[in-house]
Amino acid sequence: MPKLRVCGFSLSVDGYGAGPHQDTANPLGLGGTALHEWAFGTRTFQKMFGGEGGSAGVDDQFAMRGFENIGAWIMGRNMFGPVRGPWPDETWKGWWGSNPPYHTPVFVLTHYERDPVVMEGGTTFHFVQDGIEAALRHAKDAANGRDVRLGGGVATIRQYLQAGLIDEMHIAISPVLLGEGENLFAGVDAKKLGYRCTEQVGTMKATHMMISRGA
């Protein structure tokens with residue numbers, strides 16, 4: 001059966017998935033970029049953004065797994081960009097330039113209507129106003145039998161967790177303390193919801209943990 005998966009989601013040691021004060025200069029909030037150092041140097045991420053080389057070790061293996069069998073994405077509006085409230089115009093089309101790294105339909109949770117945005121490379125951003133379950137239905141239909149990958153931000157993942165809709169999560173815990181920001185598991189009793197840690201692998205840059213429901 002197709003799964004809803006969280007892949008390559010980075011947390012600080014103190015549980016934060018993003019720093020405070022997101023803006024165009026700090027897409028991941030203050031200090032948030034440091035959470036993803038494990039990924040930036042991998043072969044998978046270098047290739048994704050048009051580079052060459054990169055490491056091919058355990059970090060890369062986890063990064064690569066996150067793109068296998070993915071037919072659609074879901075993300076929160078804060079992951080799509082820093083614009084808040086009603087869309088002022090059609091100018092903002094994401095952080096990623098004309099050819100985003102998704103190459104599938106992407107369903108963005110929002111409270112405000114906006115027409116789909118067609119980008120290069122097969123990515124189309126669709127804007128969903130009627131909640132997380134509707135976004136998941138749309139994404140599963142678009143994925144055509146493949147899995148759906150759930151991106152951030154933290155609040156979006158937390159909503160899907162609390163609803164018990166996530167099948168598995170790859171969490172990469174980076175050796176960084178943020179002190180403040182958005183805490184992924186705040187207010188979430190993942191154990192009570194049926195989630196268990198099913199895999200753990202450590203590298204110099206992260207501890208990779210797989211968390212699955214019903215395992």
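Axes here are lines fitted to C-alpha atoms, for helices over the stretch in contact, and angles run from 0 to 180 degrees between N-to-C directions. The model is predicted, so that local features need pLDDT of at least 70 and side-chain atom pairs count only at pLDDT 80 or more, while totals for chains, interfaces and linings use all residues. Residues are numbered from 1 along each chain as its sequence is written, and side-chain values use heavy atoms, with hydrogens and water left out.

Helices (H or I, at least four residues) and strands (E, at least two) are DSSP runs numbered from the N terminus, and contact means heavy atoms within 4.5 Å. Two helices that touch the sheet strands are listed below.

| Helix 3 (58-65) | strands 1, 8, 10 and 11 | about 35° with strand 11 |

Nine strands form an open sheet of mixed pairing, in the order 5-6-4-3-7-1-8-11-10, where two strands pair if DSSP finds at least two bridges between them. Strand 5 (117-118) and strand 10 (195-202) each have a single partner strand, so one side of each is left without a neighbour in the sheet. Strand 10 runs antiparallel to strand 11 (207-213), joined by seven bridges, and Glu199 stands opposite Met210 in strand 11.

The largest nonpolar core has 29 residues, among which Ile74, Ile157, Tyr160 and Ile166 touch the most other members; such a core is a set of buried (under 20% relative accessible area, 1.4 Å probe, protein chains only) Ala, Val, Leu, Ile, Met, Phe, Trp, Tyr and Cys residues joined through side-chain atoms within 4.5 Å. Helix 5 gives the most to this core, with six residues.

How values were computed: Buried means under 20% relative accessible area, exposed over 50%, partly exposed in between (1.4 Å probe, protein chains only).
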